[in-house]
Amino acid sequence: MQPSTEPPEHVRSANGRPRRLLVLRHAKSAWPKGVADQDRPLGPRGLRDAPAVGRFLAEAGGLPDLVLCSPARRARHTWELAAAELDSAVPTRHDPRLYGADGPELLDVLHSVSDEVGTLLLVGHNPGLEDLILLLADGADGTVGTDEDILERVRTKFPTSAIAVLTWYGTWTGLRPGEALLTDLAIPRGVRGSS
């Protein structure tokens, strides 16, 4: 049986406006000796994959209204390389709350997003991003309609450069665990030798 791509009627009718959350894990980083974790740069594969993220976003359409990005070097550089592939600039904020945050802490960050934002891109780190996706999309009662195959892929591994797409109806402040649909998971990869 195909999962529903629509949230349950009680979620639609109670909340109204559709929202979309794009969750992007930074591209593959390097581990240079003596470099603080926040200052770790992208590695060769990350330098190839980050522009592929931007191309994926451009081809998928519906660019975000806002990007919230971790201030860690590898996250910032991922977004800079991805954004360079887009036709227009997207407002970006570097939010220190994203670095080292777990799922509930990331949900608190989402609760502070203005309701003028229809689509948000969150650029950060694991395991927090994976925790957030599972928190939002893994409905205990099974009524939300998330694609179970995609959910299982996230449970197994949310790799570098992965982008999860979640949707729901309502406000950012009203978003609760288990209320979002996990509708897509993409892992854009650059071509070796293209960097």
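Predicted model: local features only at pLDDT ≥ 70, side-chain atom pairs only at ≥ 80, totals over all residues.
Which residue is the bridge partner of Arg25 in β4? The partner is Gly124.

Residues are numbered from 1 along each chain as its sequence is written, and side-chain values use heavy atoms, with hydrogens and water left out.

Start with the sheet. It is open and has 6 strands, in the order β3-β2-β4-β1-β5-β6, with mixed pairing. Strands here are DSSP runs of E, at least two residues long, and helices are runs of H or I, at least four residues long; both are numbered from the N terminus. Two strands pair if DSSP finds at least two bridges between them. Strands of a sheet pair through backbone hydrogen bonds, either parallel or antiparallel. β3 (92–94) and β6 (181–186) stand at the edges. Each has a single partner strand, so one side of each lacks a neighbour in the sheet.

Now look at β4. Strand β1 (residues 18–25) pairs with β4 (residues 119–124) in the parallel sense, over 6 bridges. Arg20 has Thr119 of β4 as its bridge partner. β2 and β4 also run parallel, joined by 4 bridges. Here Leu66 has Leu120 of β4 as its bridge partner.

β4 is largely enclosed by the rest of the structure, because 6 of its 6 residues are buried (under 20% relative accessible area, with a 1.4 Å probe and protein chains only; exposed is over 50%, partly exposed in between). In a regular strand the side chains alternate between the two faces of the sheet. Thr119, Leu121 and Val123 point one way from β4. Leu120, Leu122 and Gly124 point the other way.

Next, a helix pair. The axes of α5 (residues 128–137) and α6 (residues 148–156) come within 10 Å and cross at roughly 150°. That makes α5 roughly antiparallel to α6. Axes are lines fitted to C-alpha atoms, for helices over the stretch in contact, and angles run from 0 to 180 degrees between N-to-C directions; over 145 degrees counts as roughly antiparallel. Glu130, Ile133, Leu134 and Ala137 in α5 meet Leu151, Val154 and Arg155 in α6, where contact means heavy atoms within 4.5 Å. By class, this contact has 5 nonpolar, no polar and 2 charged residues (nonpolar: Ala, Val, Leu, Ile, Met, Phe, Trp, Tyr, Cys and Pro; charged: Asp, Glu, Lys and Arg; polar: the others, Gly among them).

Terms used: Parallel < 35°, antiparallel > 145°, perpendicular 65-115°, else oblique.
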